[in-house]
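The following note sets out points for a colleague reviewing the model below. Please read each point alongside the coordinates.

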Amino acid sequence: MNPIPPANWAQALAQLQLQFATTLSHAERTAGTRPLANLSDWLQAFSEPADPTATTAQAPGLAFMANPWPGSVSPVTVGTDRWGVAATRYREALAALQQAWLKIGIEAWSRLHDALTTHEAADNLRARYDLWIYYGEQVFAEQAHSQPYAGLISELINAQVALHLECGIGNKLPSDDPQPLRRALAEAHSREASLRSELKKLQESHDDDSTSSPEPAKKAPVRPPLSRKKPTKKKSTKQAGRAGVPKTAPASTPGTRKKTVKQKPRAAKSAPDGS
Amino acid sequence: MSHTADKSTEALAARLARSLAQLAQLGVPEIGATQHETIFSGRGFRLLRYGSGPERAQACPVLMVYALVNRPWVLDLEPQRSIIARLMDAGLDVFLVEWTDPRQNDQSTTLADYICDMLDQCVDATCAVRQETTVNLLGVCQGGTFSLCYSALFTHKVRNLITMVTPVDFHTEDNLLSHWVRGVDVERMVSCYGNVPGAFLNALFVALQPFRLGGKKALDLADLADDHDRLQTFARMERWIADSPDQAGRAFADFLTMLFQRNSLVKGQMVLGGRAVRLDDIRCPILNVYALADHLVPATASRALAQHAGCSDYTELAFDGGHIGIYVSRHAQQQIPPKVAAWLQTRQ
């Protein structure tokens, strides 16, 4: 005997999802932390099962990929010319995948409906929910193993990477190629030379004014002029300090420097365990 | 909507709310139950040894090699769910290679660096501690693939090899992950991110079973209300699942292209550090443990080893469960470690 009229079980599942989403959202707010990874995203993604057309608006399980803007970076901070094409490709890839999820959602819902109306139905809401999960996984497995679906996933990943590359998002270290750095240094040196020249002129002009003045000017603290004297010596001293020479030990102490400058991972191989 | 449905829904939601409230009170759960010490470390790895006391020296040693993805703590989740503790109970002296998080300047670390250098250092260190010339290797998941490559390249250093839920043939029909990533432009990905974000891998793993890992897990949580121990276990599992380390870019690209995309290992086309990796070079005894309901590494992907390994002493051990269940389920705790230990001890 089915305690829930057939017309209402879909609504009951929908209400269940809604209540879970509300409960989880409330728990997250009150606890201050997310107790589950991406759980709300999932519930949101598969919410409102009574309306299959609305089930997969979000990107279930692919939240990282579905949000192409990590952290606080937003598309409005990036010039449209640079990322427009990549953004379009990404949107199209995501839309295509969402369409596939929509089909999976509809088919899962259809199989659940058939099972509940033609076979002996599960007699409580929990059992129905489990059945919906079962058919969902079943349909998903069928689709996910297909070549077109695999193509949609890889295209979404590739499109996101392309978008990030266009926008300069990522953690990649600067290239080993020093050309851009050299150009930037050359420009900086050129600017420095120009400023030095200007400074020198101003100082000379100031000195001329001072000597021609009838009253001695109040002595201002003189900033030492920017100098390039002995840059290499200063640099090498700094590097030696960075290399890890202990402050208490003189750099020339035999053995000390060798021990601290470079750790040799294989050195402990002969007796890695003291016991 | 009927009154019955309303009440049923409300009751479930109330139980879930209670579970979540209790879960929030637990705080961050501790993982890693068994006593251990770091006996050796280098750039990119730490070598741990479990237990204490001189009796370890009498036990049969085993060096466990875990995957780069996720943390090895799932092997030692809590006292009652610890493959490591059960292996020790069964009389083994357990060592574990723990890969450390790649730093920004580790982007160019290669797969060969991990296998031919870091793992080799751990093997040598274990041999030194045990005053032996060979080791028993136990590779888990991706760590199993590492162990296979290592055993093929350093045949003189491996006495026995155990692979657990290890992918060997990456192109079996039922390997969903392999289907998905074959079209990914890995080089471009690495050129963008440097080290590949762990969050990316996490999302991909969850996407393999969206309904089960999303919807069902949420509802099952409602059943844990007022059960402190099971909530603790749930929290530990969630912590482990969410904690995916970033992947050193070059090594990630090597693994994906060589194995997931080209399936080089079973084709005999894999090259590491300029040396060809041939599975038929492995002559030591092999125990291949796989899970029949593994959605990440299908049993077929693991069982392919039988056709490619060059050893005459090859044994299989099937577990009726999934990829995670083989580490943490009570059934696995009772079944796997004693059989692994017995297999090893008869071949010492």
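1. A helix crossing is called left-handed if the near helix is turned anticlockwise from the far one by less than a right angle, and right-handed if clockwise. In this predicted model, local features need pLDDT of at least 70 and side-chain atom pairs count only at pLDDT 80 or more, whereas totals for chains, interfaces and linings use all residues. Residues are numbered from 1 along each chain as its sequence is written, and chains are lettered from A and ligands numbered from 1 in the order in which they are written. Helices (H or I, at least four residues) and strands (E, at least two) are DSSP runs, numbered from the N terminus.

2. Contact between the chains. The crossing of H6(A) and H6(B) is left-handed. Axes are lines fitted to C-alpha atoms, for helices over the stretch in contact, and angles run from 0 to 180 degrees between N-to-C directions. A:Val161, A:His164 and A:Leu165 of H6(A) make the contact with B:Arg188, B:Met189 and B:Cys192 of H6(B), where contact requires C-beta atoms, placed from the backbone, to lie within 7 Å. These residues divide into 4 nonpolar, 1 polar and 1 charged; Ala, Val, Leu, Ile, Met, Phe, Trp, Tyr, Cys and Pro count as nonpolar, Asp, Glu, Lys and Arg as charged, and the others, Gly among them, as polar.

3. Chain A overall. Chain A has 9 helices and 0 strands. Of its 275 residues, 27% count as buried. A residue is buried if 20 or more other C-beta atoms lie within 10 Å of its own, exposed if 12 or fewer, and partly exposed in between, with C-beta atoms placed from the backbone. Among contacts in chain A between residues at least 6 apart in sequence, 63% join residues at least 24 apart.

4. A residue of chain A. A:Ser194 belongs to helix H7 (residues 179-212) of chain A. A:Ser194 counts as exposed because 10 C-beta neighbours lie inside 10 Å. From A:Ser194 to A:Ile157 the separation is 37 residues in sequence and 48 Å in space, C-alpha to C-alpha.

5. The sheet of chain B. Eight strands would be traced here in the order S1-S2-S6-S3-S7-S8-S11-S12 (chain B), forming an open sheet of 8 strands with mixed pairing. Two strands pair if DSSP finds at least two bridges between them. Strand S1 (36-42) and strand S12 (314-319) of chain B are the edge strands, each pairing on one side only. From one strand to the next, the twist averages 20°.

6. Strand S6 and its partners. Strand S6 (residues 92-99) of chain B is mostly covered, with 7 of its 8 residues buried. Strand S2 (residues 45-50) of chain B runs antiparallel to S6(B), joined by 5 bridges. B:Leu47 has B:Val97 as its bridge partner in S6(B), and B:Arg49 stands opposite B:Phe95 in S6(B). Strand S3 (residues 60-65) of chain B pairs with S6(B) in the parallel sense over 6 bridges; B:Pro61 stands opposite B:Asp93 in S6(B).

7. Helices on the sheet. H4(B) lies across S3, S7 and S8 of chain B and runs at about 145° to S7(B). Helix H15 (residues 330-345) of chain B also packs on the sheet, touching S3, S6, S7, S8, strand S11 (286-291) and S12 of chain B, and its direction makes about 170° with that of S12(B).

8. Helix H3 against helix H4. Helix H3 (residues 111-130) and helix H4 (residues 142-153) of chain B pack at an angle of about 75°, with their axes 10 Å apart. H3(B) is therefore roughly perpendicular to H4(B); angles under 35 degrees count as roughly parallel, over 145 as roughly antiparallel, 65 to 115 as roughly perpendicular and the rest as oblique. B:Tyr114, B:Ile115, B:Cys116 and B:Leu119 in H3(B) meet B:Phe146, B:Cys149, B:Tyr150 and B:Leu153 in H4(B). The residues of this contact divide into 8 nonpolar, no polar and no charged.

9. Backbone angles to check. Most residues other than glycine have a negative phi. B:Cys141, not a glycine, has a positive phi of about 55° and is found in the loop between strand S7 (135-140) and H4 of chain B. B:Val165, not a glycine, has a positive phi of about 35° and is found in the loop between strand S8 (158-164) and helix H5 (176-181) of chain B. B:Cys141 is buried, with 26 other C-beta atoms within 10 Å, and B:Val165 counts as buried with 28 C-beta neighbours inside 10 Å.

Definitions and conventions. Two residues are in contact if their C-beta atoms, placed from the backbone, lie within 7 Å.
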